[in-house]
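Dear colleague,

Please read them with the coordinates open.

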Amino acid sequence: MSKRLDYNQIAPAGVKALGGVYGYVMQSGLPPALVDLVYLRISQINNCAHCLDSHTRDLLKKGVKIDKLALVQAWREAGPLFDARERAALAWAETVTRVAETGVPDDAYQDARAVFDERELVDLTIAIGLMNAYNRVAISFRNTPQAVLEHRA
């Protein structure tokens, strides 16, 4: 896979705008590790190698154990490894990411609202939309994962 173009250089204002949304999410009050778990799960669904690499590294730096990272994709079967808020956030991320298939049903909304207040749920949904946008940009223009760059060196 080779990079198609450098979108950071070509459209810096657009990338900066996405960065502004990222900054908003990071100051929203949602726990950073929770947001990164959601980002990792979305990137798994979308098969974004660049973002999978990036968010795995971020979560490891935040002290999340490799056992937990290995089971993000199968979080429903991971028992108590994921707490109630993490499970609710991951379920919400999955249904919102797959919106064309799921329509984000009422029961998914009720499950998320049982654990998140209105503001948290809006902020979480903004984070989900942002990561889906980042995934689409990185995949479309073949942004190379850091692990691949390190392997080449």
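How many residues does helix H3 have, and how far does helix H3 reach from its first C-alpha to its last? Helix H3 (residues 32-46) has 15 residues and reaches 21 Å, close to the 21 Å expected at 1.5 Å a residue, where the expected span is 1.5 Å times one less than the number of residues. Helices are DSSP runs of H or I with at least four residues, strands are E runs of at least two, and both are numbered from the N terminus.

This is a predicted model, in which local features need pLDDT of at least 70 and side-chain atom pairs count only at pLDDT 80 or more, while totals for chains, interfaces and linings use all residues. Residues are numbered from 1 along each chain as its sequence is written, and side-chain values use heavy atoms, with hydrogens and water left out.

Of the 15 residues of H3, 13 are buried, so this helix is largely enclosed by the rest of the structure; buried means under 20% relative accessible area, exposed over 50%, and partly exposed in between, with a 1.4 Å probe and protein chains only. Just after H3, Asn47 takes a positive phi of about 55 degrees.

Val21, which lies in helix H2 (residues 12-26), is partly exposed at a relative accessible area of 32%. Leaving aside residues up to four places away in sequence, Val21 touches Ile126 and Leu130 (contact means heavy atoms within 4.5 Å). Val21 and Ala127 are 106 residues apart in sequence, yet 8.0 Å apart in space, C-alpha to C-alpha.

The protein chain holds 10 helices and 0 strands.

Best regards
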